[in-house]
Amino acid sequence: APEKKIKDSPKAPWKRQSSLAMQRRRPKASVIQNDPERSFVPTEDKEKIKRRKRRKSGNGLGAAVCLVTCLAFVLTAAAVKMTMFEHRKEAQNILPNSSAAPEKKIKASPKAPKDSTIVECEISTKEWTSDEAANGTLRIAVHKNAPSSELFLYLVSEGYYNDNYIFRVIKGFHAQWGFHTPSEMKNWWSRIEEKRNKVDPENEKTDLKNVKGAFTMIRGAAPQVFINLGSAPWLDEEGTLPLGVVEEDSMHLVEKIYTGYKPGTGQIPAMNNGTVPELFPRMSKVEKCSLVE
């Protein structure tokens, strides 16, 4: 028997009604475009949009004006406060009954002892041509009753410290000189042996301490001496006591002594070989030390 064509089942009545209802609710785009009354943006709505845009632009301008005004107010208040501070400062400097405390002058060196002998040492840094180089006269007040003072004054009178490099400089600690080659020291030991034996730090007392500006001889009555560039209380405890101080007017020269060469990096071999000007051009030198009558 021939196959029978099976017809599709008819749509449900409610589906046909819903599709017809949707067609009625959705007019064609062509009808909407040609009908001015049913356009997407009516003329009244366009006017509202324009007014809304104008209000937004006006609000932005108003915010900018407010920000500028606030900034101007803050700057004006700061300027007024600064002017008042300057007037107050001027009044404190002018009025005789000002409550401002006078500035205290900080001393860079301890006070020189009353019974002291002045020693002048000429310092030079010939190879370093700069305003920051140490060049000038260093004045040292030597305490007569301090340990090693007699030995130091004798060495100065004999010219021991003349033509001698400040070879060991440690920032914040000391600047040291008084080194001679072993062959040169053989002659000096025999000349100072008697005075070295007289030095007894345990029996000699002094009020001087190893602070910035104090002048000290190395413990054991070795001829080498140093200027303290800072406080060293451990030296006081072990008995390495200062024998004098650098006068305050000479401390500016001490501050100029170059501290950039690390100790133990060839300074002593360079002094023995005479190559200090080439290898350490900023090393300062004591040209001559003499007693001031």
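Me: Where is Asn162 found?
Reply: Asn162 is found in the loop between H4 and S3. Helices (H or I, at least four residues) and strands (E, at least two) are DSSP runs, numbered from the N terminus. This is a predicted model, in which local features need pLDDT of at least 70 and side-chain atom pairs count only at pLDDT 80 or more, while totals for chains, interfaces and linings use all residues. Residues are numbered from 1 along each chain as its sequence is written, and side-chain values use heavy atoms, with hydrogens and water left out.

Me: Is Asn162 buried, partly exposed or exposed?
Reply: Asn162 is partly exposed, because its relative accessible area is 25%. Buried means under 20% relative accessible area, exposed means over 50%, and partly exposed is in between (1.4 Å probe, protein chains only).

Me: Which residues does Asn162 touch, leaving out those up to four places away in sequence?
Reply: Asn162 touches Val286, Glu287, Lys288 and Cys289. Contact means heavy atoms within 4.5 Å.

Me: What about Asp163?
Reply: Asp163 is also placed in the loop between H4 and S3. Asp163 has a phi near 55 degrees, which is a positive value in a residue other than glycine. Asp163 is partly exposed, with a relative accessible area of 48%.

Me: Change of topic. How many helices and strands are in the chain?
Reply: The chain has nine helices and nine strands.

Me: What is the order of the strands in the open sheet?
Reply: The order is S3-S9-S1-S2-S8-S6-S7-S5-S4, with antiparallel pairing. Two strands pair if DSSP finds at least two bridges between them.

Me: Which strands stand at the edges?
Reply: Strand S3 (164-165) and strand S4 (168-170) do, each with a single partner strand, so one side of each has no neighbour in the sheet. Helix H4 (residues 149-158) packs on the sheet and touches S1, S2, S6, S7, S8 and S9. The direction of H4 makes about 105 degrees with that of S9. For such angles, axes are lines fitted to C-alpha atoms, for helices over the stretch in contact, and angles run from 0 to 180 degrees between N-to-C directions.

Me: How many bridges are there between S3 and S9?
Reply: S3 and strand S9 (residues 285-291) pair over two bridges, in the antiparallel sense. Tyr165 has Lys285 in S9 as its bridge partner.

Me: And the other edge? How many bridges join S4 to S5?
Reply: Three bridges join S4 to S5, and the two run antiparallel. Ile170 has His174 in S5 as its bridge partner. The hairpin of S4 and S5 has three residues between the strands, and Gly172 there takes a positive phi near 80 degrees.

Me: Which residues of S5 are buried?
Reply: His174 and Gln176 are buried on one side of strand S5 (residues 174-177), and Ala175 and Trp177 are buried on the other, so both faces are covered. S5 is also joined to S7, by four antiparallel bridges. Trp177 stands opposite Val225 in S7.

Me: How are pockets and volumes defined?
Reply: On a 1 Å grid over the protein atoms alone, a cavity is a set of points where a 1.4 Å probe fits but cannot get out, and a pocket is an open set with protein on both sides within 12 Å along at least five of seven lines; lining residues have an atom within 4 Å of a point. Grid points are joined across faces, edges and corners, and a volume is the space filled by probe spheres set on the points.

Me: How many cavities of 30 Å³ or more does a search of the whole structure find?
Reply: The search finds two. The second largest cavity holds about 60 Å³ of space, and among the residues lining this cavity are Ile166, Phe167, Ile257 and Ser284.

Me: Last one. Is Ala134 buried or exposed?
Reply: Ala134 is buried, with a relative accessible area of 0%. Ala134 is placed in the loop between S1 and S2. Not counting residues up to four places away in sequence, Ala134 touches several residues, including Ile123, Leu253, Ile257 and Ser284.
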